[in-house]
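Please walk me through this structure, one piece after another.

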Amino acid sequence: MVRGKKVEIVSLLILVIVMAATAATVTYDHRALVIDGKRKILISGSIHYPRSTPEMWPDLIQKSKDGGLDVIETYVFWNGHEPEKNKYNFEGRYDLVKFVKLAAKAGLYVHLRIGPYACAEWNYGGFPVWLHFVPGIKFRTDNEPFKAEMQRFTAKIVDLMKQEKLYASQGGPIILSQIENEYGNIDSAYGAAGKSYMKWSASMALSLDTGVPWNMCQQGDAPDPIINTCNGFYCDQFTPNSNNKPKMWTENWSGWFLGFGEPTPYRPVEDLAFAVARFFQRGGTFQNYYMYHGGTNFERTSGGPLISTSYDYDAPIDEYGLLRQPKWGHLRDLHKAIKLCEDALIATDPEITSLGSNLEAAVYKTSSGSCAAFLANIGTQSDATVTFNGKSYRLPAWSVSILPDCKNVAFNTAKINSATESTAFARQSLKPDGGSSAELGSQWSHIKEPIGISEADALVKPGLLEQINTTADKSDYLWYSLRMDIKGDETFLDEGSKAVLHIQSIGQVVYAFINGKLAGSGNDRTNISLDIPINLVTGKNTIDLLSVTVGLANYGAFFDIIGAGITGPVSLNSAKTGSSMDLSSHQWTYQVGLKGEDTGLGSGDSSEWVSNSPLPTNQPLVWYKTTFDAPSGSEPVAIDFTGTGKGIAWVNGQSIGRYWPTSIARTDGCVGSCNYRGTYRNDKCLKNCGKPSQTLYHVPRSWIKPSGNTLVLLEEMGGDPTKISFATKHTGSNLCLKVSESHPAPVDTWTSDSKFSNRTSPAVLSLKCPVSTQVISSIRFASFGTPTGSCGSFSHGRCNSARSLSVVQKACVGSRSCKVEVSTRVFGEPCHGVVKSLAVEAVCA
Ligand code: GAL
């Protein structure tokens with residue numbers, strides 16, 4: 001007994017000692033975050049846990065670590081965690097504790113942006129909509145009801161993290177927390193109350209005593225000791241508001257988000273890498289990619305208005321969890337190069353000198369002899385040759401070279417050593433007998449959603465109601481219905497009881513049904529103005545207007561009270577005489593949500609599904625259901641909704657989000673190929689103009705069983721569900737890369753001991769099949785000389801070594817990976833006096 005107790009006490013003591021030993025102190029100074037007394041260079045990336053599944057998290061986190069991240073950054077999503085007041089959800093995709101622990105398990109730190117305002121293209125910026133109904137509340141200002149709720153939730157999260165010992169001060173991974181989000185961008189709209197709210201937020205956060213620093217982003221006047229941090233496409237010019245605070249970048253936008261009706265934005269990696277390198281050149285020590293993996297806006301989580309279901313963001317890890325190459329690889333190389341400079345970077349401030357117009361050197365030199373340098377050409381037009389420490393360096397336009405020893409170039413932001421890997425969707429048939437998805441059509445059943453008011457608890461009110469106040473966002477849908485007696489001699493009628501129905505809505509979609517038939521529809525972010533010619537009948541008529549929100553606003557001053565829906569006027573007009581009748585103040589009947597939502601049709605289980613009649617297609621408001629077997633393999637799965645109109649879809653009762661393949665991107669603004677040189681803006685590099693903004697929708701593998709899965713759609717505008725197909729996303733059968741003699745040698749060849757030796761390593765082209773079971777099976781193209789074109793369309797230039805193909809074949813075919821030196825030593829001299837490149841396209845199988 002006594003002995004047992006002793007053992008217990010001893011093990012308890014050991015536990016306490018182990019825990020105390022792993023607890024870290026996190027502070028900061030002028031240069032950096034300081035962890036256990038040591039300044040740190042930290043590379044961070046955003047992954048928002050509810051935008052993927054717990055089953056995906058370990059792989060996403062591992063890929064982040066392999067990409068050279070030290071920190072995972074995430075917001076905390078209040079509306080996901082507290083969908084109803086005091087009813088908390090920390091399960092499944094909202095298992096924040098699990099997510100943070102997985103990051104810790106991989107050896108990564110966490111930056112927890114509690115907010116609790118997030119923005120993030122997330123519904124209502126992350127605020128639960130019930131908050132809007134708290135009496136007397138005003139969001140994000142000096143308002144007692146708001147502050148009480150904000151404090152309660154923030155404390156709830158901090159307490160949860162403390163209970164689980166997740167702060168670094170307790171041995172956990174969280175080294176930093178954020179309060180509020182970019183409030184400084186909009187606080188002037190709130191006047192003096194905004195300032196006092198901001199100060200209150202700061203002291204409220206500090207009072208929670210996390211043991212690690214807090215930051216506020218885009219808040220130039222963040223009070224001490226809160227660190228003000230920068231968000232943007234570039235932050236090299238940013239300086240914190242005190243000389244005691246480090247220069248930190250909380251959102252480096254790796255691409256941009258997609259909106260329905262918008263083309264797809266992308267950000268070239270040469271520019272992204274340039275921005276990062278410039279930041280570290282100019283004294284930065286913490287940098288976060290927003291997003292490193294964007295993911296998916298499942299259910300009704302997307303913000304708005306009109307944020308798409310995909311939140312891919314052109315991030316280094318794509319929506320489906322696959323590496324986006326060469327983006328991921330080039331950034332990994334960049335991170336390695338920066339880390340090679342860490343000792344010098346943390347020791348001192350840079351010494352910045354001009355090397356000519358648009359040419360800049362930054363040198364970090366320590367007393368102990370470490371030296372790292374960054375050489376930048378910030379000109380957008382021409383490459384330049386600079387002399388630095390007596391040596392000559394060629395700097396491509398809009399690029400930074402990193403010299404971890406102040407002599408040799410380990411990395412240049414414009415010279416990519418990582419191969420482009422193709423990814424592609426493959427259409428899948430879903431029946432074990434290999435039948436096409438078209439055959440699936442025979443398996444569809446349906447239920448028609450009633451047009452107009454179908455529920456007993458409908459609300460009758462004079463006048464037009466604002467939508468969010470009416471629905472509390474319980475649903476996207478709100479019916480506005482009117483019954484009218486038409487006598488036949490009304491002045492607003494033209495012959496044959498024709499009239500024009502005018503509808504004014506602040507968004508985002510309206511369908512107008514006259515006597516049960518769809519008469520017209522429209523959509524817009526904030527302003528819908530419709531004039532629909534209609535036919536009325538003498539006697540009773542119904543006007544049923546279905547107003548639909550597509551994500552509640554998430555950004556801007558007072559975004560919470562912008563509202564949505566048919567705010568009027570609604571009127572009937574004679575096209576001929578112009579005489580009109582305003583219906584706005586009539587007695588309208590309202591129904592929140594659809595009947596099928598109330599009865600839970602999304603789950604698929606209902607006895608009302610009709611399967612033995614011809615499937616109605618291209619009709620508004622039909623629920624459809626089918627079953628399917630899992631697409632074979634383990635690759636990520638998508639549904640291609642081409643053929644349908646707009647709606648919401650569920651797989652095995654899990655909402656995969658809103659689909660809207662008929663939302664077409666505007667036709668202007670796209671560029672064939674985007675010049676990475678010059679300042680990036682979110683509308684600089686766009687693709688997919690004039691095409692559907694999003695046809696493919698992610699269905700996480702873990703939501704699919706091997707067989708007997710249910711797919712349910714609520715099709716609101718009319719479409720043909722039998723046209724739907726499944727696809728899986730595959731990576732890497734094609735590898736493609738062009739490396740010139742002037743490229744730095746792969747950064748992997750740098751080790752800390754080789755760092756100070758004078759290096760003259762040649763450029764190397766290296767390839768590796770992404771899938772471990774694959775080998776390079778053939779070489780489609782190889783040319784050492786002056787090949788032209790880009791991936792997929794290389795062709796020989798005037799200069800080409802005759803040995804190109806055979807050398808590359810010999811080195812690569814049959815192996816998973818290969819390295820080929822890019823030099824005349826290997827390929828012979830095809831043309832004197834010219835810088836030559838090696839372009840290769842290889843196939844993995
Ligand atoms: C920032 C905001 C983020 C996100 C981003 C755009 O202003 O802080 O939450 O909305 O813009 O993706």
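The axes of helix 2 (residues 57-66) and helix 4 come within 10 Å and cross at roughly 40 degrees. This is a predicted model. The crossing of helix 2 with helix 4 is right-handed. Helix 2 brings Trp57, Pro58 and Ile61 to the contact. Helix 4 answers with Lys98, Phe99, Leu102 and Ala103. Sorted by class, the contact of helix 2 with helix 4 has six nonpolar residues, no polar ones and one charged.

Helix 4 has another partner. Helix 4 spans residues 96-105, and it packs against helix 5, residues 144-163. Their axes lie 11 Å apart, at an angle of about 50 degrees. Angles under 35 degrees count as roughly parallel, and 65 to 115 as roughly perpendicular. Helix 4 and helix 5 are therefore oblique to each other. The crossing of helix 4 and helix 5 is right-handed. Which residues meet here, in helix 4 and in helix 5? From helix 4 come Leu96, Val97 and Val100. From helix 5 come Ile157, Leu160 and Met161. The residues of this contact of helix 4 with helix 5 divide into six nonpolar, no polar and no charged.

Between strand 6 (109-115) and helix 5 runs a loop that holds Pro116. The peptide bond from Gly115 to Pro116 is cis. Its omega is near -5 degrees. A further cis peptide bond runs from Tyr290 to Met291, with omega near 0 degrees. Where does Met291 lie? Met291 is in strand 12, residues 286-293.

Next comes the loop between helix 5 and strand 7, where Gly172 lies. Is Gly172 buried or exposed? Its relative accessibility is 16%, so Gly172 counts as buried. The cut-off for buried is under 20%. Setting aside neighbours within four places in sequence, Gly172 is in contact with Lys165, Leu166 and Tyr167. Ala23 is 149 residues away from Gly172 along the chain, yet their C-alpha atoms are separated by 7.0 Å.

Now follow helix 6, residues 191-207. How far apart are its end C-alpha atoms? They are 25 Å apart. At 1.5 Å a residue, its 17 residues should span 24 Å, so the two values agree. Buried in helix 6 are Gly194, Tyr197, Met198, Trp200, Ser201, Ala202, Met204 and Ala205. What covers these buried residues? The cover includes helix 5, strand 7 (174-179) and strand 8 (214-217). After helix 6 comes Asp209, with a positive phi near 55 degrees.

Helix 7 covers residues 269-281. It has 13 residues and reaches 18 Å from its first C-alpha to its last. That is close to the 18 Å expected at 1.5 Å a residue. How many residues of helix 7 are buried? The count is 13 of its 13 residues, and helix 7 is mostly covered. Gly283 follows helix 7. The phi of Gly283 is positive, near 95 degrees.

Helix 8 runs over residues 327-340. Its 14 residues reach 20 Å from first C-alpha to last, close to the 20 Å expected at 1.5 Å a residue. Helix 8 is mostly covered too, with eleven of its 14 residues buried. Which ones are buried in helix 8? Lys327, Trp328, Gly329, His330 and Leu331 are among them. So are Asp333, Leu334 and His335, along with Ala337, Ile338 and Leu340.

Two loop residues remain. Asp473 sits in the loop between helix 10 (467-471) and strand 23 (477-486). Its phi is near 60 degrees, a positive value in a residue other than glycine. At 11% relative accessibility, Asp473 counts as buried. Asn515 is in the loop between strand 25 (508-514) and strand 26 (517-524). The phi of Asn515 is near 50 degrees, positive in a residue other than glycine. Its relative accessibility is 31%, so Asn515 counts as partly exposed.

Definitions and conventions:
Residues are numbered from 1 along each chain as its sequence is written. This is a predicted model: local features need pLDDT of at least 70, side-chain atom pairs count only at pLDDT 80 or more; totals for chains, interfaces and linings use all residues. Side-chain values use heavy atoms; hydrogens and water are left out. Axes are lines fitted to C-alpha atoms, for helices over the stretch in contact, and angles run from 0 to 180 degrees between N-to-C directions. Helices (H or I, at least four residues) and strands (E, at least two) are DSSP runs, numbered from the N terminus. Angles under 35 degrees count as roughly parallel, over 145 as roughly antiparallel, 65 to 115 as roughly perpendicular and the rest as oblique. A crossing is left-handed if the near helix is turned anticlockwise from the far one by less than a right angle, and right-handed if clockwise. Contact means heavy atoms within 4.5 Å. Ala, Val, Leu, Ile, Met, Phe, Trp, Tyr, Cys and Pro count as nonpolar, Asp, Glu, Lys and Arg as charged, and the others, Gly among them, as polar. The expected span of a helix is 1.5 Å times one less than its number of residues. Buried means under 20% relative accessible area, exposed over 50%, partly exposed in between (1.4 Å probe, protein chains only).
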